[in-house]
4 protein chains.
Amino acid sequence: VVSLALALDTLGEEKVFSAVGMAALADPFNSIMRLEMDAPHRPHNPLINSGAIMVLSLLPWREGAEKFKAVQEMAARLMGKKSAEIDTAVYLSEKETGNRNRALAWFLKSVGNLEGDVEEILDVYFRQCSLTANCEDLAVLGATLAADGKNPLTGEQAAPPGVARIVRTIMATCGMYDGSGEFAVSVGIPAKSGVGGGIAAAVPGRMGVGAWGPSLDKRGNSVAGLAMMKQLSEELGLRIY
Amino acid sequence: VVSLALALDTLGEEKVFSAVGMAALADPFNSIMRLEMDAPHRPHNPLINSGAIMVLSLLPWREGAEKFKAVQEMAARLMGKKSAEIDTAVYLSEKETGNRNRALAWFLKSVGNLEGDVEEILDVYFRQCSLTANCEDLAVLGATLAADGKNPLTGEQAAPPGVARIVRTIMATCGMYDGSGEFAVSVGIPAKSGVGGGIAAAVPGRMGVGAWGPSLDKRGNSVAGLAMMKQLSEELGLRIY
Amino acid sequence: VVSLALALDTLGEEKVFSAVGMAALADPFNSIMRLEMDAPHRPHNPLINSGAIMVLSLLPWREGAEKFKAVQEMAARLMGKKSAEIDTAVYLSEKETGNRNRALAWFLKSVGNLEGDVEEILDVYFRQCSLTANCEDLAVLGATLAADGKNPLTGEQAAPPGVARIVRTIMATCGMYDGSGEFAVSVGIPAKSGVGGGIAAAVPGRMGVGAWGPSLDKRGNSVAGLAMMKQLSEELGLRIY
Amino acid sequence: VVSLALALDTLGEEKVFSAVGMAALADPFNSIMRLEMDAPHRPHNPLINSGAIMVLSLLPWREGAEKFKAVQEMAARLMGKKSAEIDTAVYLSEKETGNRNRALAWFLKSVGNLEGDVEEILDVYFRQCSLTANCEDLAVLGATLAADGKNPLTGEQAAPPGVARIVRTIMATCGMYDGSGEFAVSVGIPAKSGVGGGIAAAVPGRMGVGAWGPSLDKRGNSVAGLAMMKQLSEELGLRIY
């Protein structure tokens with residue numbers, strides 16, 4: 001969601017959503033098939049892998065290093081930290097094993113939908129996937145989005161209210177991969193799942209919640225995180241629907 | 001949403017969602033392909049055609065006539081009318097031209113997921129699709145769901161609060177067919193689109209909205225209805241996200 | 001292949017192959033998905049279920065009973081029998097359990113590709129699937145096709161040479177369902193597999209071979225039939241490639 | 001077909017066909033979708049792009065340069081030339097624009113089906129695609145395969161008879177991409193189409209035919225080549241079916 005917020009802030013809603021869709025997807029997060037099936041071969045939403053790669057390619061900086069620096073700064077603003085750092089071991093592992101993401105990126109390139117150097121964009125993507133965030137960071141990120149982009153710790157307006165609102169909406173419909181629909185029924189809060197087992201949730205106008213649990217279900221969502229979020233939502237009445 | 005509310009009320013959440021999913025679908029509402037691709041060949045959600053047919057088959061009455069009577073009564077309760085009637089011309093037309101729905105139903109039957117007599121269930125489905133509702137009816141239906149199932153006109157509890165909440169959630173994620181994700185961003189209200197050009201929206205705790213416009217976009221949603229809902233949502237601040 | 005020969009004979013190559021394709025299919029014989037994916041939703045070849053149903057619908061007789069009578073007569077001519085009879089138990093079972101075929105037929109109807117009454121065409125299809133043929137019948141059928149349509153037992157020209165040639169070609173590329181490519185490499189003879197465990201093979205200009213074995217592999221081909229055909233092809237040098 | 005012959009010769013039928021299938025494919029030659037849909041994500045046949053890349057990866061030489069040298073030598077033997085050279089302009093263009101092939105290769109890598117360095121294998125593939133061959137070369141190649149691997153010009157046994165036979169069979173079922181089934185009916189000869197507009201055909205035991213025409217139909221086959229082959233097949237009675 002960090003790069004999505006950054007892209008919406010720097011490029012505007014129209015430009016971003018002409019390059020990626022806003023549709024939830026009943027397919028795994030790394031499916032190439034759907035990209036090939038559905039002309040014009042546009043990623044279905046900005047939170048699946050192909051969409052996240054596309055969003056990074058759109059960012060209005062030429063060099064990969066500049067793009068990543070902007071992503072880092074947005075991450076720091078959203079989480080209220082001095083700086084957002086990557087975990088080098090995770091980064092090297094992602095780079096080593098990210099072959100499906102390479103396939104997705106080259107496919108997008110082959111249909112003319114990806115601008116720029118593929119390996120350079122993938123490198124930014126692998127770096128972004130390696131940004132470290134503990135539970136508290138995820139909670140602050142969620143709280144900032146919940147507070148219309150104003151970080152409740154630092155008081156800084158990390159992103160405009162309109163951007164925060166769109167990001168919350170996309171989180172609600174697509175944030176938990178192909179488990180998003182089920183999560184809406186069982187928990188009912190905009191949330192974004194990360195491949196490392198983290199979940200950042202934003203209850204509009206009320207709070208942010210961070211969760212982390214290493215065991216993932218087959219859709220890539222933290223098992224413990226889902227259970228905790230469900231209980232919390234019921235006890236505190238956090239549903240938006 | 002009428003038969004979904006009825007099924008949730010009479011069968012419970014668990015039974016309904018073991019037969020149909022809760023996933024938004026980036027495919028047209030009448031796609032058979034997705035049913036065949038994804039074992040166990042369960043409709044992805046209760047609001048696409050295959051899911052609606054499945055929900056009707058689950059209803060705990062043996063005869064088609066009884067099932068439809070229960071659907072009619074639930075529709076009347078939700079809309080605050082003495083009775084909900086079908087438009088015979090629409091019904092005959094649906095029955096005449098509903099061959100894709102026949103294909104969907106026979107496919108579900110062939111994989112062992114549909115109980116009962118296929119033609120009888122289809123007949124209930126075609127009748128349900130022919131239930132008449134004007135804008136006001138749709139608005140009251142939305143308002144009843146928004147008020148946790150209590151019809152604001154009649155004061156009757158048409159459906160339990162938990163059922164109304166689930167129905168609102170499914171409307172939010174799947175109610176506008178494969179345009180649901182885009183509708184969430186542009187309008188941000190739980191809503192259900194009908195093939196006849198109607199839209200019923202439920203703003204939780206606040207109001208229901210009915211819209212009707214005969215011109216449909218390629219996804220099957222009313223063009224005028226979408227435009228009106230967007231403007232209304234912005235002017236009155238109705239977004240839930 | 002009986003109804004294909006009949007259709008080619010009565011309607012001509014052009015008309016038949018504007019309604020069904022000639023492409024081998026790497027999908028199961030009863031897949032609806034491929035029909036939906038590939039506009040104009042034309043069955044990929046006349047030997048998969050949807051294609052066979054389509055071919056029957058094309059036959060230039062109005063009533064189902066007349067169509068089936070013509071199929072029976074062609075079957076008898078090809079097999080050199082007085083008459084070709086159906087196995088009533090098989091017919092009733094096919095009719096009872098043929099729901100996937102119903103789904104295929106209604107799908108074809110829904111996209112406007114199937115003329116006539118769906119249930120009536122399906123009934124002809126179920127009857128055709130129930131035509132009895134022992135090993136000798138299958139061998140004579142193969143020999144007739146191998147001899148350019150002239151039945152070697154009766155001396156009758158059951159079908160024109162050009163029709164026999166096309167049927168042999170379609171058998172070679174599509175006759176063993178999605179195992180056709182593998183069969184070409186391992187056996188290398190035009191052959192048609194039946195759901196009941198039979199195989200009829202036509203070695204052009206040389207002979208026909210009939211095989212029957214009840215145990216089917218996952219593609220629907222007789223396990224014993226495949227093994228026997230492979231050995232026979234090697235010993236007698238029957239490959240055409 | 002050059003690298004397929006080489007792989008069959010050096011590795012044997014079993015090893016090659018455990019890595020790639022033998023199924024004709026009713027999908028475009030560069031489809032990723034089918035690879036993703038069908039576990040175990042094995043290329044459907046050795047003549048589509050993904051299959052050709054896979055075959056090159058299997059060749060029993062470690063370095064890309066050695067692999068390509070072996071391919072060059074096999075090409076020269078099959079075509080009866082001193083050496084087979086690449087067209088540097090074509091090679092650079094393939095390398096520049098071959099992004100879909102990169103996506104295919106990385107996908108195969110991501111599912112664990114491709115051994116070795118992806119970019120190195122792709123480089124061999126792009127080189128192979130750039131091997132020059134005029135009409136006469138294609139005809140000699142076809143004639144060598146038709147003569148069970150014995151080059152009729154040089155008298156050299158370029159490949160074993162069993163290898164030539166399998167290659168002819170795969171050409172017959174898959175050689176014209178998704179137009180293979182139609183080509184079997186209209187022409188009826190084992191043939192391989194190349195992306196540059198060439199066609200090499202092998203009439204078993206009789207002759208080879210080379211064709212070249214730059215205008216391609218939507219399946220990637222030479223329009224003029226198809227027309228010429230059809231006429232030739234009819235006039236000389238070359239059909240194998």
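How many residues of domain 1 of chain A are in contact with domain 2 of chain A? Hello everyone, let's start there. What we have on screen is a predicted model, so please keep that in mind as I talk.

First, the layout of chain A. The domain assignment gives domain 1 as residues 2-129 and domain 2 as residues 135-236. Their centres, taken over C-alpha atoms, are 19 Å apart. Now for the opening question: 25 residues of domain 1 of chain A touch 24 residues of domain 2 of chain A. Together the two domains bury about 2000 Å², and carbon and sulfur atoms contribute 73% of that area.

What about charges and polar atoms here? Between these two domains there is 1 salt bridge. You can find it where the side chains of A:Asp137 and A:Lys81 meet, at 2.9 Å from N to O. On the domain 1 side, α1 (2-11), α2 (13-19) and α5 (64-79) of chain A each supply at least two residues. The largest share comes from α1(A), with 5 residues. Sorted by class, that side of domain 1 of chain A has 17 nonpolar, 2 polar and 6 charged residues.

The area buried between chain D and chain C is about 2300 Å², with 70% from carbon and sulfur atoms. How many salt bridges would you count between chain D and chain C? The count is 0. Polar contacts do turn up across this interface: 2 residue pairs, again with both at pLDDT 80 or more.

Some chain pairs do not touch. Chain A and chain C have no contact, and their closest C-alpha atoms lie 8 Å apart. Chain B and chain D likewise have no contact, with closest C-alpha atoms 8 Å apart.

One last stop, in chain C. Strand β2 (residues 198-203) runs antiparallel to strand β3 (residues 207-212), and 6 bridges join them. Look for C:Ala200, which sits opposite C:Gly210 in β3(C). The two strands form a hairpin with 3 residues between them, and C:Gly205 in the turn has a positive phi of about 75°.

Methods: Residues numbered from 1 in each chain as written. Chains lettered and ligands numbered in written order. Heavy atoms only, no water. Contact = heavy atoms within 4.5 Å. Domains from an automatic or database assignment. Buried area = accessible area lost by both parts, 1.4 Å probe. Salt bridge = Lys/Arg side-chain N within 4 Å of Asp/Glu carboxyl O. Helix = DSSP H or I, 4+ residues; strand = E, 2+ residues; numbered from the N terminus. Nonpolar A, V, L, I, M, F, W, Y, C, P; charged D, E, K, R; others polar. Pairing = 2+ DSSP bridges. Polar contact = N/O pair within 3.5 Å; in protein donor to acceptor, adjacent residues only side chain to side chain.
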